[in-house]
Amino acid sequence: MTLPDHPSLDDYRGQISEMAAQGLAAIGDAPDLDALEAARVAYLGDRRGRMLEFQRALGAIARDAKPEAGRLFNTVKRQLESALDERRARLGRGAGGYTPPADLTMPARPQWTGARHPVTLVIEEIAAIFRELGFTIALGPEVETEWYNFGALNFPANHPAMDLHDTLYVQDDVLLRTHTSPVQVRTLQRFAPPIRILAPGNVYRRDFFDASHAPMFAQIEGLCVDEGVSFVDLKATLGHFARRFFGSTRARFRPSYFPFTEPSAEMDVECRLCRGAGCAACKGTGWMEILGSGMVHPAVLEAAGVDSEKYTGWAFGMGPARIAMQRYGVTDIRVFYDSDVRFLEQIAE
Ligand SMILES: [Zn+2]
């Protein structure tokens, strides 16, 4: 195969990778140093090496394809050269060549290893605390029907959250879940109380991507349903959680509204970044909202087929990324989603 006079980028790419494969095989299979030298001359030699053809072709290739072709050429050249060095070192040793003894005082080369993401670490830590309290993990689909995401959770038919403005619809009544609360409904349908679950997962909002919002983010849902469960249980459990997770911290509940809980409350902890003095991350209030909670609305229990005369329950939802911001002193939520290793490696474990 030879290249046409004015090769296209595809021609170039196809042929240089074919040649590279042959060259790497010839080098890797060379049985001794003589055969290796022959392979070097055949592919990288100054007079008739096959790389020369591709080097010349760079001059004839269309201008806009030139940078890419040049990169391909350099990559292949480096590959062949390093394969050659490697094979030469191996054959040299096999033939009784001199291998210097390892210098054990040399600093080690850093090894890159995978690690868990800070948001994952926070989710695992939260899950561990609730596991001690008898909660188990429940998961649900990220693509949901409108009924599971809104209807069964007591959203009135024209609730603004159902607007195209806020929710990403897949088709008419199918959407990307906007919260993990549908897992509550699915769990209540499948299992009889007593129920204690923790449901971590990703949720989607048609939202701006700014310092404290992201269009996709993790959420953790908690649900406890049994006979005689009251707001006291909610407050005691979530207070316990805040103390376990943040250490000694001030926490407060503020009345709030969610369609699926009644009464509802949001829980704040003292901002860890400014110790309550007020900073940009807590918008100067000194408090950081970490979760929304409340007593499960009887309509939600009934929608899922649970007798709301007999059973009561409480639920909460929290954003682990926001909690991770507090834990790691991060003021911009986007750094958790940018996959910038320079940031992640400071935190990952
Ligand atoms: Zn603050």
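Which residues in α1 meet which residues in α2? Gly23, Ala26 and Ile27 in α1 meet Leu36, Ala39, Ala42 and Tyr43 in α2, where a contact requires C-beta atoms, placed from the backbone, to lie within 7 Å.

## Basis of the description

This is a predicted model, in which local features need pLDDT of at least 70, side-chain atom pairs count only at pLDDT 80 or more, and totals for chains, interfaces and linings use all residues. Residues are numbered from 1 along each chain as its sequence is written. Helices (H or I, at least four residues) and strands (E, at least two) are DSSP runs, numbered from the N terminus.

## The pair α1 and α2

Two packed helices are described by the angle between their axes and the distance between the axes. Helix α1 covers residues 9-29 and helix α2 residues 33-44; their axes come within 8 Å and cross at roughly 165°. That makes α1 roughly antiparallel to α2, a term for angles over 145 degrees. Axes are lines fitted to C-alpha atoms, for helices over the stretch in contact, and angles run from 0 to 180 degrees between N-to-C directions.

The residues of the contact of α1 with α2 comprise six nonpolar, one polar and no charged. Here Ala, Val, Leu, Ile, Met, Phe, Trp, Tyr, Cys and Pro count as nonpolar, Asp, Glu, Lys and Arg as charged, and the others, Gly among them, as polar.

## The sheet

An open sheet of seven strands has the order β1-β5-β6-β10-β9-β8-β7, with mixed pairing. Strands β1 and β7 (251-258) stand at the edges with a single partner strand each, so one side of each has no neighbour in the sheet. Two strands pair if DSSP finds at least two bridges between them.

Strand β5 (residues 195-204) has seven of its 10 residues buried, so the rest of the structure largely encloses it. Buried means that 20 or more other C-beta atoms lie within 10 Å of a residue's own, with C-beta atoms placed from the backbone. Strand β1 (residues 136-137) runs parallel to β5, joined by two bridges, and Ile137 stands opposite Leu198 in β5. With strand β6 (residues 216-226), β5 pairs in the antiparallel sense over 10 bridges; Val203 has Phe217 in β6 as its bridge partner.

Strands β9 (residues 287-296) and β10 (residues 312-318) run antiparallel and are joined by five bridges. The bridge partner of Ser293 is Phe316 in β10.

## Helices on the sheet

Helix α5 (residues 118-132) packs on the sheet and touches β1, β5 and β6, its direction making about 5° with that of β6. Helix α8 (residues 231-246) lies across β6, β7, β8 (261-270), β9 and β10, and runs at about 150° to β9.

Key:
Buried ≥ 20, exposed ≤ 12 C-beta atoms within 10 Å, placed from the backbone. Contact = placed C-beta atoms within 7 Å. Parallel < 35°, antiparallel > 145°, perpendicular 65-115°, else oblique.
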